2 protein chains.
Amino acid sequence: MEERVKFVLDEKEIPTHWYNILADLPEPMPPVLHPATKKPVGPADLAPLFPMELIKQEVSTERWIEIPEEVRDIYKMWRPTILYRAKRLEKALDTPAKVYFKYEGTSPPGSHKPNTAVAQAYYNKKEGIKRITTETGAGQWGSALSFAGACFGIEIKVYMVAVSYHQKPYRRVMMEVWGAKCIPSPSNETKSGRAMLKKDPDCPGSLGLAISEAVEEAVSRDDTHYSLGSVLNHVLLHQTIIGLESKKQMEMAGVYPDIIIGCIGGGSNFAGMYLPFVKDKIDGTKPDLRVINCEPASCPTLTKGPYAYDYGDEAGLTPLLKMYTLGHDFMPPPVHAGGLRYHGMAPIICHLYKLGLVEARAEHQLGTFKAGIDFARSEGIISAPETNHAIRVTIDEALKCKETGESKTILLAHSGHGHVDMAAYEAYLSGKLKDYEYPEAMVKKSLEKLPQV
Amino acid sequence: MEERVKFVLDEKEIPTHWYNILADLPEPMPPVLHPATKKPVGPADLAPLFPMELIKQEVSTERWIEIPEEVRDIYKMWRPTILYRAKRLEKALDTPAKVYFKYEGTSPPGSHKPNTAVAQAYYNKKEGIKRITTETGAGQWGSALSFAGACFGIEIKVYMVAVSYHQKPYRRVMMEVWGAKCIPSPSNETKSGRAMLKKDPDCPGSLGLAISEAVEEAVSRDDTHYSLGSVLNHVLLHQTIIGLESKKQMEMAGVYPDIIIGCIGGGSNFAGMYLPFVKDKIDGTKPDLRVINCEPASCPTLTKGPYAYDYGDEAGLTPLLKMYTLGHDFMPPPVHAGGLRYHGMAPIICHLYKLGLVEARAEHQLGTFKAGIDFARSEGIISAPETNHAIRVTIDEALKCKETGESKTILLAHSGHGHVDMAAYEAYLSGKLKDYEYPEAMVKKSLEKLPQV
């Protein structure tokens with residue numbers, strides 16, 4: 001009899017609470033600062049952008065936060081997601097490592113993003129909000145929020161980073177199918193967008209700039225809030241459903257990971273996977289657990305950036321977050337993993353990285369596509385370009401095990417499928433894709449503009 | 001407590017046998033005839049194209065045929081698939097109908113097609129075959145066989161209907177990711193292709209012609225077989241895994257369908273769903289069961305075609321099958337549901353239709369996209385254009401229940417997601433999509449060329 005390859009939870013086993021790492025940090029997080037006063041922000045400062053429930057979650061130190069019944073009800077459409085044993089990949093690599101992956105690609109938009117989109121739409125709906133603006137990189141977040149908007153009857157407007165808007169038209173159409181409006185950023189609809197277009201009419205855009213535009217519009221209208229798909233504490237909180245399910249499923253498999261691997265753009269998907277495990281490292285139960293954050297070599301926030309206060313957006317409208325950063329006006333090269341093109345990183349991840357609890361690694365895109373194709377030919381699944389960064393490192397770690405003969409247990413956070421990203425694969429397969437060197441001079445220039453705190 | 005919305009089987013519950021309707025037909029099927037002699041074909045006639053195991057399955061009257069362990073092992077990568085209760089769609093329609101759908105979109109290529117692709121690749125591998133040629137319409141079959149080829153290390157060459165090759169480049173790239181070669185049909189690589197290009201250099205192609213090309217190449221090489229993704233008895237046999245799982249899952253839900261609805265191109269997906277249920281109609285257990293085959297109004301094989309012997313392909317290379325047909329050289333209008341653009345229909349379906357055991361309905365594409373969007377905004381899932389035909393009829397039947405107040409149980413065969421078909425949705429949303437009238441004169445001309453038997 002073959003070993004089990006899928007570890008499946010019943011819909012009744014969807015976690016009832018999200019896990020909040022703020023309850024268990026060995027040192028408290030640095031405060032979030034007001035962009036003008038440079039003093040710690042209070043709830044009132046954030047009220048124009050977010051519903052009060054999310055603002056509370058952002059600063060809560062309760063360990064467990066209940067998932068509303070209405071949110072769990074929508075989660076049931078695709079959750080719990082499956083944990084797989086990658087037996088065929090192990091065999092193809094001829095490695096003694098045991099590779100597991102948690103697959104978020106079966107959600108309606110095909111990624112982990114709706115885990116928080118649905119929660120955010122719910123809390124906004126409950127507060128009487130009619131419209132939500134947001135930004136999107138590769139389009140995964142924008143399509144997820146559009147789906148969530150359709151679930152709750154909320155109008156969604158998405159500013160999509162221009163380079164992805166043109167590279168990935170299918171994601172825009174997905175948003176429209178769910179009833180949302182999507183426009184390329186920089187746009188003419190905001191001051192921030194117009195300023196950039198004046199400077200550079202062919203500007204490829206960046207997540208930072210798209211955030212500026214979405215925030216600006218939300219602040220200017222009473223019926224409109226803003227929603228962020230990553231970075232913030234409450235977003236990571238919602239994503240912990242991935243790690244909580246995975247923990248149960250790894251128990252079903254009778255194993256605990258030696259190494260957890262995932263990709264990071266803003267960091268929410270991967271933090272959502274590992275925070276419930278890092279808890280065990282903090283409390284001393286699993287001191288040897290390794291966590292590897294995988295980022296693009298062309299946008300190497302954790303591996304090259306300084307740890308400093310910076311804005312979350314290009315125009316400097318957001319509060320100041322203490323994070324590893326490449327500078328808020330850094331414009332990353334147009335790699336296909338659009339979801340990883342962000343100058344900053346979730347403050348929780350940065351804090352854990354600073355404390356030495358997690359590691360980071362930067363990868364060039366050609367190697368990541370090669371890994372994605374190896375994965376597709378063994379495990380069947382065609383992965384998002386973002387996920388391929390994590391697959392690259394997973395394969396490399398499994399091959400290290402082959403050298404050393406160690407049978408390590410690797411847990412891969414698989415954030416989504418790549419069926420909407422086939423243009424990127426086409427570019428790779430036809431030899432048109434290239435690697436981008438780390439734009440050191442550009443970053444240096446951006447870092448000169450870090451706010452004085 | 002909310003009612004359950006997902007009915008999930010464990011991977012150990014994957015059926016061990018396919019169901020063969022040939023054991024239970026009230027009247028035997030008409031024989032398949034040799035294209036030259038017009039006499040019934042024997043196994044030797046088919047040996048250049050198919051492995052002997054598949055030829056045996058094609059004519060077997062055993063009720064249950066065992067699924068090889070190696071095939072079930074690969075099925076486990078995504079099977080059993082989930083049966084959903086479409087509670088949110090029911091609510092949006094305000095209907096007393098209970099709508100269930102079996103979702104095949106979580107397979108690696110995103111459709112039902114690998115159910116047979118994996119089995120066919122397995123039997124070819126076992127017979128020592130190194131290469132398989134095939135044709136594909138929308139690309140779902142080609143990508144599924146490419147995936148199956150990657151599973152067993154078999155080289156795959158796909159002739160893709162030219163109009164889809166250009167409309168759906170992403171499907172081609174998927175094939176290439178799995179290591180297959182894909183070229184547009186008509187091509188210059190075969191006699192049939194060259195003949196057509198000479199007649200019409202801009203020919204959009206058809207499934208019938210692509211079959212001719214793939215068959216021609218397979219016959220010309222000893223190491224190469226041919227694989228068909230629909231129509232034939234053994235293909236429908238492999239797809240019965242859908243219906244067998246669904247039956248168990250409907251039992252879990254405590255219901256039996258009043259109406260089963262699905263889309264038909266060659267018919268394998270939908271027959272795979274309903275054959276295990278039609279068994280209950282034939283044996284008198286469920287005399288009132290209704291089965292609705294949904295086809296495009298522009299290619300209305302069952303609803304408009306005569307029941308006659310015809311070739312499966314455009315050039316007349318295949319054996320003669322007794323089926324409803326629009327004529328083997330009929331070139332259907334370029335609707336986006338490329339997988340439904342076929343002149344003929346699975347002989348088993350035609351036989352059941354002739355016997356009055358199943359019904360048929362033809363739908364125009366604009367209405368089907370409207371239904372697909374309604375489904376996406378309630379159930380989240382963005383469906384393939386083919387599947388939208390079945391969703392249209394499902395919604396119409398649910399709305400009839402609303403009128404009559406009947407609480408019927410509807411089972412929808414959901415054949416796959418539409419993430420690779422967003423260009424079709426874009427055309428629809430931007431008003432560029434149109435309906436095509438039934439090309440009656442063209443069909444009449446094609447039917448004049450029906451072979452004399």
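Helices and strands are DSSP runs, numbered from the N terminus, a helix having at least four residues and a strand at least two. The model examined here is predicted.

**Exercise 1. The largest pocket**

Determine the volume of the largest pocket and identify which element gives the largest share of its lining.

Solution. 
Step 1. The volume of the largest pocket is about 760 Å³. Its lining comprises 41 residues, and those closest to the centre are Ile74(A), Met77(A), Arg88(B), Ser378(B) and Glu379(B).
Step 2. The elements that each supply at least two lining residues are α3 (69–75) and α6 (140–152) of chain A, with β4 (83–85), α4 (87–93), β5 (98–103) and α15 (365–379) of chain B.
Step 3. The largest share, 5 residues, is given by α4(B).
Step 4. By class, the lining holds 18 nonpolar, 12 polar and 11 charged residues.

**Exercise 2. The second largest pocket**

State which residues lie nearest the centre of the second largest pocket, and how its lining divides into nonpolar, polar and charged residues.

Solution. 
Step 1. The second largest pocket holds about 590 Å³ of space. Among its 33 lining residues, Val32(B), Glu58(B), Leu232(B), Asn233(B) and Leu321(B) lie nearest the centre.
Step 2. Two or more lining residues come from each of α1 (43–46), α2 (52–59), α10 (207–219), α11 (233–253) and β13 (320–324) of chain B. The largest share, 4 residues, belongs to α2(B).
Step 3. The division is 25 nonpolar, 6 polar and 2 charged residues.

**Exercise 3. The interface of chain A and chain B**

Describe the contact between chain A and chain B by its residues, its buried area and its salt bridges.

Solution. 
Step 1. Chain A contributes 50 residues to the contact, and chain B contributes 50 residues.
Step 2. About 4400 Å² is buried between the two chains, with 57% of this area given by carbon and sulfur atoms. On the side of chain A, Tyr170(A), Val177(A) and His419(A) lose the most area to chain B, together 16% of what that side buries.
Step 3. Between the chains there are 6 salt bridges. In the salt bridge of Asp10(A) with Arg4(B), the closest N and O atoms are 2.9 Å apart.
Step 4. At least two residues of the side of chain A that touches chain B come from each of α3, α6, α8 (169–177), α15 (365–379) and α17 (422–429) of chain A. The largest share, 6 residues, is that of α8(A).
Step 5. This side of chain A has 26 nonpolar, 8 polar and 16 charged residues.

**Exercise 4. A salt bridge across the sequence**

Explain why the pair Arg290(A) and Glu397(A) ties together parts that are apart in sequence.

Solution. 
Step 1. Side chains of opposite charge can pair when their charged atoms come close.
Step 2. Over all chains the count is 50 salt bridges. Arg290(A) and Glu397(A) form a salt bridge in which the closest N and O atoms are 3.7 Å apart.
Step 3. Arg290(A) belongs to strand β11 (residues 290–296) and Glu397(A) to helix α16 (residues 385–404) of chain A, so the pair links parts 107 residues apart in sequence.

**Exercise 5. Backbone geometry**

Locate the cis peptide bond of chain A, between Ser185(A) and Pro186(A), and the residue Lys38(A).

Solution. 
Step 1. Ser185(A) and Pro186(A) are joined by a cis peptide bond with omega of about 10 degrees. Pro186(A) lies in the loop between β8 (181–185) and α9 (191–199) of chain A.
Step 2. Lys38(A), a residue other than glycine, has a positive phi, near 65 degrees. Lys38(A) is in the loop between β2 (17–19) and α1 (43–46) of chain A.

Note on methods. Residues are numbered from 1 along each chain as its sequence is written. Chains are lettered from A and ligands numbered from 1 in the order in which they are written. This is a predicted model: local features need pLDDT of at least 70, side-chain atom pairs count only at pLDDT 80 or more; totals for chains, interfaces and linings use all residues. Side-chain values use heavy atoms; hydrogens and water are left out. On a 1 Å grid over the protein atoms alone, a cavity is a set of points where a 1.4 Å probe fits but cannot get out, and a pocket is an open set with protein on both sides within 12 Å along at least five of seven lines; lining residues have an atom within 4 Å of a point. Grid points are joined across faces, edges and corners, and a volume is the space filled by probe spheres set on the points. Ala, Val, Leu, Ile, Met, Phe, Trp, Tyr, Cys and Pro count as nonpolar, Asp, Glu, Lys and Arg as charged, and the others, Gly among them, as polar. Contact means heavy atoms within 4.5 Å. Buried area is the accessible area (1.4 Å probe) that two parts lose on being put together, summed over both. A salt bridge is a side-chain nitrogen of Lys or Arg within 4 Å of a carboxyl oxygen of Asp or Glu.
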